[in-house]
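Subject: Model for your files

Hello,

Here is the model I said I would pass on. My notes on helix packing and on the sheet follow below it.

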Amino acid sequence: MSLHAAGVLNPAERDAAERHAPSCAACAADLGALRATLAVAAADEACAAEPPIAVEWLRARVHARLDAAGAAPRPRPRRVAWAAGLATAAAVVAATVLSRPVPPRPAAGPAAGQAVPETEIAVSDEALERMERTMARERTARYLDEAQDVLVTVSGAPRRCDRKTQHVDMGDETRRSRELLARRARLDLDGSAALTAGPVLDDVEKVLREVASLENCARRRDVEAIHRHVARERLLMKMELMTRELAG
């Protein structure tokens with residue numbers, strides 16, 4: 001069921017699993033739970049974190065999300081127990097969602113009747129919160145770094161898109177600005193980091209909106225007006241300093 005939930009069975013095995021699951025309550029329940037877990041993991045921004053986070057942290061994070069969605073409460077610190085079947089699912093999550101190499105499985109399984117030991121990982125709520133804050137700071141630092149690249153290009157010497165008129169090519173900059181604005185809505189700083197970075201983020205957002213509103217072949221005077229605003233506010237310097245602070 002773990003491999004079926006991850007979609008990695010060959011056609012014959014997949015058909016056999018699909019025929020069996022509806023007739024077996026235990027397998028049907030396992031399949032539903034595994035698919036729900038994989039869906040939560042796949043939708044989590046932590047999967048694309050840079051640098052990649054450890055699989056154990058992702059497991060704990062996914063369990064926390066499932067708990068918040070209405071699962072039975074777990075004692076603190078949260079003990080994540082993975083028996084043989086769920087260990088296979090975790091390996092599939094690591095391979096298909098995180099795109100990280102999975103350690104080879106032992107050649108020989110446990111002897112008949114022998115209990116399969118469980119691996120327990122203790123992750124406290126405080127540790128999860130620290131991880132969330134660190135990831136939020138890293139996402140914000142990357143956002144500011146990429147926004148700085150866009151504004152440096154705008155402030156530089158863009159090439160002409162029409163030699164007969166004073167128009168310059170801003171197609172790439174407008175596209176990247178729109179992508180960054182979409183990411184801005186997902187930044188989730190809190191506490192002192194939000195108070196410190198908030199004003200700079202607001203200023204960057206305003207300028208990116210101006211860039212995003214430009215035509216692909218924009219009038220030079222419109223681009224120069226943005227450049228003057230960035231220089232007057234010393235925005236590039238503020239972004240550089242804030243990026244360094246967030247990156248720690």
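In what order do the three strands of the open sheet come, and is the pairing parallel or antiparallel? The order is β3-β4-β5, and the pairing is antiparallel. Please keep in mind that this is a predicted model.

The sheet

At the edges are β3 (160-162) and β5 (217-219), each of which pairs on one side only. From one strand to the next, the twist averages 50 degrees. Strand β4 (residues 167-169) is joined to β5 by three bridges, and these two strands run antiparallel. Within that pair, H167 stands opposite R219 in β5. Helix α9 (residues 220-232) packs on the sheet and touches β3, β4 and β5. The direction of α9 makes about 70 degrees with that of β5.

Helices α6 and α10

Helix α6 (residues 125-155) packs with helix α10 (residues 235-247) at an angle of about 155 degrees, and their axes are 9 Å apart. Angles over 145 degrees count as roughly antiparallel, so α6 is roughly antiparallel to α10. The crossing in which α6 passes α10 is left-handed.

On the α6 side, the residues that meet α10 are R137, T140, A141, L144, D145, A147, Q148, L151 and V152. Their counterparts in α10 are L235, L236, M239, E240, M242, T243, E245, L246 and A247. By class, the residues of this contact of α6 with α10 are eleven nonpolar, three polar and four charged.

Helices α8 and α10

Helix α8 (residues 191-212) also packs with α10, here at an angle of about 135 degrees and with the axes 10 Å apart. How are α8 and α10 oriented to each other? They are oblique. As for handedness, α8 passes α10 in a left-handed crossing.

From α8, the contact takes in T196, A197, V200, D203, V204 and V207. These meet L235, K238, M239, M242 and E245 in α10. The contact of α8 with α10 divides into seven nonpolar residues, one polar and three charged.

Regards

Methods
Residues are numbered from 1 along each chain as its sequence is written. This is a predicted model: local features need pLDDT of at least 70, side-chain atom pairs count only at pLDDT 80 or more; totals for chains, interfaces and linings use all residues. Side-chain values use heavy atoms; hydrogens and water are left out. Axes are lines fitted to C-alpha atoms, for helices over the stretch in contact, and angles run from 0 to 180 degrees between N-to-C directions. Helices (H or I, at least four residues) and strands (E, at least two) are DSSP runs, numbered from the N terminus. Angles under 35 degrees count as roughly parallel, over 145 as roughly antiparallel, 65 to 115 as roughly perpendicular and the rest as oblique. A crossing is left-handed if the near helix is turned anticlockwise from the far one by less than a right angle, and right-handed if clockwise. Contact means heavy atoms within 4.5 Å. Ala, Val, Leu, Ile, Met, Phe, Trp, Tyr, Cys and Pro count as nonpolar, Asp, Glu, Lys and Arg as charged, and the others, Gly among them, as polar. Two strands pair if DSSP finds at least two bridges between them.
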